[in-house]
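This report describes a structure with attention to domains, core, strand pairing and chain contacts. The sequence and the coordinates are shown first.

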Amino acid sequence: MKPIEQNSAPRRHFLRAVFAAFGAAALSACDRLSNSKAFVDVLQSTQYLNRGAHKLFAGRKAMAQEFIEADIAPSFRSNGTLMPVGKLYEGMVNSNFANWKLEVGGLVETPLALSLADLRAMPSRTQITRHDCVEGWSAIAKWTGVPLHHILDQVKPLPNDQYVVFRCADAMDDDEDEASPDENKEKTDAVVAAKPDSTYYESMDIDDAYHIQTILAYDLNGKPLPVSNGAPLRLRIERQLGYKHAKYLMKIELVESFDGIRGGKGGYWEDNGYEWYGGI
Amino acid sequence: MSLTLMAYWTSRAGLMIPLSRRADFPLGQPSPARNGWPWHATGISFFAWLFVLNGVAYIAYAISSDHLRRDMIPKMQELRNIGSSIVDHIKFKHPTGEAAKRYYVLQNLAYLAVIFGLLPLVVIAGWALSPRLDVVWTGWVDLLGGRQAARTLHFLAAMGLLVFVAIHVFEVIVSGLWNHMRSMVTGYYRVPQDKVPVKQGETP
């Protein structure tokens with residue numbers, strides 16, 4: 001009988017070294033690719049192929065699934081900003097948004113400013129839909145608000161409008177770790193005042209803006225929208241991922257392109273590497 | 001290749017997030033660019049297109065060229081002998097002579113399970129994660145058990161593919177790495193010789 005090999009340790013070390021070297025080479029090659037702008041741009045361009053294919057096969061006006069009352073989640077999870085930092089927003093909360101107004105402008109014939117009462121007086125839509133977060137959770141809730149197309153009909157977009165940009169109240173650039181909450185508030189106020197563009201923002205194309213289920217929601221499950229879910233007004237764009245549903249809306253702007261708007265990618269997370277078309 | 005890259009981005013997306021949310025994660029707190037989600041969305045979309053087009057072309061070819069019926073679908077006889085095939089595998093005994101030129105029954109079943117099971121499942125469960133594709137036919141995602149079930153199926157199918165690749169590569173190595181690699185590239189395959197049965201009392 002052939003004796004079992006006495007010393008297999010060198011071979012094991014060798015194999016281990018070979019696997020480690022291959023693994024490291026593959027990972028570092030992938031990381032180098034991930035950091036190459038050209039490569040990332042090629043990958044990201046796929047989102048427009050997806051968008052085109054979705055519009056072709058899934059219908060531009062097709063409706064997102066709606067559910068029944070029994071499907072509603074016991075509590076709708078709050079995510080991202082739960083309470084915008086800063087005295088400006090705190091003041092709005094304390095006055096129950098009495099002085100808050102939604103500005104609608106950009107490339108339109110008649111810019112508007114709408115109070116919460118104005119919005120509640122407009123035609124409304126209630127829908128029970130599923131919110132899908134990129135983090136891997138979903139929740140079903142009932143939303144009531146003004147369909148965006150009613151507002152667009154009032155301001156009359158110019159023919160060259162391509163996108164609708166949503167500006168929000170929550171500043172994203174504050175450094176929460178380094179200051180106490182009070183210092184933080186003042187700091188954030190200063191940031192917001194000096195740089196109004198430091199807040200969350202999002203955008204969508206004109207197709208989605210006129211979609212029946214695209215609403216500016218002021219009620220969640222039949223009650224006024226809580227602060228943690230974006231009071232006084234948040235966007236619902238039901239056929240897209242959660243980060244597209246901007247909270248704490250302050251201003252709507254119609255634009256021809258994203259050039260000159262922040263990072264130029266059409267949204268806060270988009271400027272940080274997320275794809276703009278959030279229908280996946 | 002695209003499978004490997006998809007696996008890489010899947011692992012970034014699937015594993016980096018839960019890990020990077022932990023305060024003691026060695027790479028520190030997540031920056032949006034470091035967490036895996038944007039990569040999963042962009043990387044997967046791109047490679048998924050290549051992957052689906054490639055897969056459709058492959059299945060069309062496998063059917064039209066009779067490759068599927070001739071080589072992939074196991075014969076009744078082979079299925080009956082599956083027990084001995086499993087035992088041979090465990091003993092690392094690989095077919096020799098004429099039998100080495102054909103896929104063996106476990107290989108057939110593994111290929112069929114991947115081509116018509118795991119690969120379509122990973123694609124369909126992936127589509128079921130898109131809020132925009134819900135609208136194609138209202139309620140189709142519920143057939144998979146809803147969005148959360150689809151996430152699990154997508155992940156399990158992807159992990160199943162990784163396991164298949166690992167076993168597949170392992171089998172290629174143990175059954176003659178050089179011979180297989182050469183036959184994949186050049187078509188030249190040295191058929192392993194049947195072992196001459198050793199007669200009683202003789203020294204081999």
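Domain bounds are taken from an automatic or database domain assignment. For chain B, that assignment gives domain 1 (1-65) and domain 2 (67-185). Ten residues from domain 1 of chain B and ten residues from domain 2 of chain B take part in the contact, two residues being in contact if their C-beta atoms, placed from the backbone, lie within 7 Å. On the side of domain 1 that touches domain 2 of chain B, helix 1 (2-20) and helix 2 (37-64) of chain B are the elements that give two or more residues. Helix 2 of chain B provides the largest share of that side, five residues.

The model is predicted: local features need pLDDT of at least 70 and side-chain atom pairs count only at pLDDT 80 or more, while totals for chains, interfaces and linings use all residues. Residues are numbered from 1 along each chain as its sequence is written, and chains are lettered from A and ligands numbered from 1 in the order in which they are written.

Here pLDDT is the predictor's confidence in each residue, from 0 to 100. Chain A has a mean pLDDT of 86, with 84% of its residues at 70 or more. Two segments of chain A have pLDDT under 50: residues 1-6, with zero contacts beyond four places in sequence, and residues 175-179, with three such contacts.

Chain A contains eight helices and ten strands; helices (H or I, at least four residues) and strands (E, at least two) are DSSP runs, numbered from the N terminus. Of the 280 residues in chain A, 36% are buried. A residue counts as buried if 20 or more other C-beta atoms lie within 10 Å of its own, exposed if 12 or fewer, and partly exposed in between, with C-beta atoms placed from the backbone. Among contacts in chain A with a separation of 6 or more, 73% join residues 24 or more positions apart.

A nonpolar core is a set of buried Ala, Val, Leu, Ile, Met, Phe, Trp, Tyr and Cys residues joined through C-beta atoms within 7 Å. The largest one has 57 residues, and A:Val164 and A:Phe166 are among those with the most contacts inside it. Strand 5 (residues 163-171) of chain A gives the largest share of this core, six residues. Beyond its neighbours within four places in sequence, A:Val164 is in contact with A:Ser203, A:Met204, A:Ala209, A:Ile252 and A:Leu254.

Strands pair if DSSP finds at least two bridges between them. Strand 5 and strand 6 of chain A pair in the antiparallel sense over six bridges, and A:Tyr163 stands opposite A:Asp205 in strand 6 of chain A. Strand 6 (residues 199-205) of chain A is largely enclosed by the rest of the structure because six of its seven residues are buried.

Between the chains, 32 residues of chain A are in contact with 26 residues of chain B. Helix 2 of chain A supplies the largest share of the chain A side, nine residues. The table gives two sides by class.

| Domain 1 of chain B touching domain 2 of chain B | six nonpolar residues | four polar residues | no charged residues |

Definitions and conventions
Ala, Val, Leu, Ile, Met, Phe, Trp, Tyr, Cys and Pro count as nonpolar, Asp, Glu, Lys and Arg as charged, and the others, Gly among them, as polar.
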